[in-house]
Amino acid sequence: MQSIPSENNRIIAIGDIHGCHRSLLNLLDTIGPQASDQLVFLGDYIDRGPGSKEVIETLIELHRCHTCFFLMGNHELMYLDYLDTRDPVSWFYNGGQATLFSYGSDDGLDLPEEHVDFMRNCRPFLETENYFFAHGGLDPELSVADNLKYYKPEEFCWQRVHMRTSFLESRSYRWEKTLVCAHTPVPKPVMLDRLIAIDTGCVYNENPLLGKLTAVLLPERKIMQTDNID
């Protein structure tokens, strides 16, 4: 099993799914992954949308026939923290109740072991020669090496500083690679030399500026999208 994506083959990164199962299936059908393709899912598979259970089931099954890499999102982190602490506040009130409904669970403590293991095995980031993949992002004022030195791995699931208008306009990112991230909803994908951000807020389909599930195909930087159909 590959430990990191190979830049010799196409990499397909996919943004926040948030329980939007039908949208995920539609996007995968639109992409039509080939045998040599590598799928990098950028986290936040669960919560808020109606089909968290089905999303996890689909991703587990997809991994059996395609090369897949699954990153940890802050919502997976919140759920796993809840399992460890039994403190429901953070998770329940940030979309976790939709996940409970999806699984038919009263408290989230009886989710299938395979699904919990899937979430526990998600990675905080992936790094290749030219790309750094993370759910949240990196500190824009530090190199990649210094980000890894000064931040805990789970903090890459929450980072948003690089998405501030001042950085987007100045493009003053000190990391040396192209960051590919999600987490911060944007009306259209951000495509800069050293930043690709593809969370287009699929689950927020009541917002006319959001409501799309987005993928980026690398290295060609081709965007593929589907509207929320959940």
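User: How many aromatic pairs does the structure hold?

Analyst: The structure holds 16 aromatic pairs; rings of Phe, Tyr and Trp (its six-membered ring) pair if their centres lie within 6.5 Å, with planes under 30 degrees apart counted as stacked, over 60 as edge-to-face and the rest as tilted. This is a predicted model, in which local features need pLDDT of at least 70 and side-chain atom pairs count only at pLDDT 80 or more, while totals for chains, interfaces and linings use all residues. Residues are numbered from 1 along each chain as its sequence is written, and side-chain values use heavy atoms, with hydrogens and water left out.

User: Why is the pair of Tyr45 and Phe118 edge-to-face?

Analyst: The ring centres of Tyr45 and Phe118 are 5.7 Å apart and the planes are at 65 degrees, so the pair counts as edge-to-face. The pair links distant parts of the chain, 73 residues apart: Tyr45 is in the loop between strand 2 and helix 2, and Phe118 is in helix 5 (residues 113-120). Helices (H or I, at least four residues) and strands (E, at least two) are DSSP runs, numbered from the N terminus.

User: Buried or exposed, Tyr45 and Phe118?

Analyst: Tyr45 is buried, and so is Phe118. Buried means under 20% relative accessible area, exposed over 50%, and partly exposed in between (1.4 Å probe, protein chains only).

User: And how are Phe125 and Phe132 paired?

Analyst: Phe125 and Phe132 are stacked, because their ring centres are 5.2 Å apart and their planes are at 15 degrees. Phe125 is partly exposed at 23% relative accessibility, whereas Phe132 is buried at 1%.

User: Which residues form an aromatic cluster?

Analyst: Phe41, Tyr45, Phe70 and Phe118 form one aromatic cluster.

User: Switching to charges. Where is Glu76, and what is its nearest side chain of opposite charge?

Analyst: Glu76 is in helix 3 (residues 74-85). Glu76 is buried and has no salt bridge; the nearest side chain of opposite charge is Arg48, 10 Å away. Lys and Arg count as positive and Asp and Glu as negative, with His and the chain ends not counted. A salt bridge is a side-chain nitrogen of Lys or Arg within 4 Å of a carboxyl oxygen of Asp or Glu.

User: Which backbone nitrogen does the side chain of Glu76 reach at 2.9 Å?

Analyst: That of Gly73. A polar atom of the Glu76 side chain also lies 3.3 Å from the backbone nitrogen of Ile46.

User: What else does Glu76 touch?

Analyst: Leaving out residues up to four places away in sequence, Glu76 touches Gly43, Asp44, Tyr45, Ile46 and Met119. Contact means heavy atoms within 4.5 Å.

User: How many salt bridges are there?

Analyst: The count comes to 7 salt bridges. One of them joins Asp37 and Arg10, at 2.7 Å from N to O. Asp37 is in the loop between helix 1 and strand 2 and Arg10 is in the segment before strand 1 (11-14), so this pair ties together parts 27 residues apart in sequence. Asp37 is buried at 3% relative accessibility, while Arg10 is partly exposed at 23%.

User: What does Asp84 pair with?

Analyst: Asp84 forms a salt bridge with Arg120, with the closest N and O atoms 3.8 Å apart. Asp84 is in helix 3 and Arg120 in helix 5, so parts 36 residues apart in sequence are tied together. Asp84 is exposed at 56% relative accessibility, and Arg120 is partly exposed at 41%.

User: What about Glu127 and Lys177?

Analyst: Their side chains meet in a salt bridge, 2.8 Å from N to O. Glu127 is in strand 4 (residues 125-127) and Lys177 in the loop between helix 7 (165-170) and strand 6 (178-181), 50 residues apart. Glu127 is partly exposed at 25% relative accessibility, whereas Lys177 is buried at 17%.

User: Last topic, helix 2. Which of its residues are buried?

Analyst: In helix 2, Ser52, Val55, Ile56, Thr58, Leu59, Ile60 and Leu62 are buried. Their cover includes helix 1 (21-31), strand 2, strand 3 (67-70), helix 4 (89-103) and helix 5.

User: Where is Leu42, and is it buried or exposed?

Analyst: Leu42 is in the loop between strand 2 (38-41) and helix 2 (52-63). Leu42 is buried, at 0% relative accessibility.

Definitions and conventions
Polar contact = N/O pair within 3.5 Å; in protein donor to acceptor, adjacent residues only side chain to side chain.
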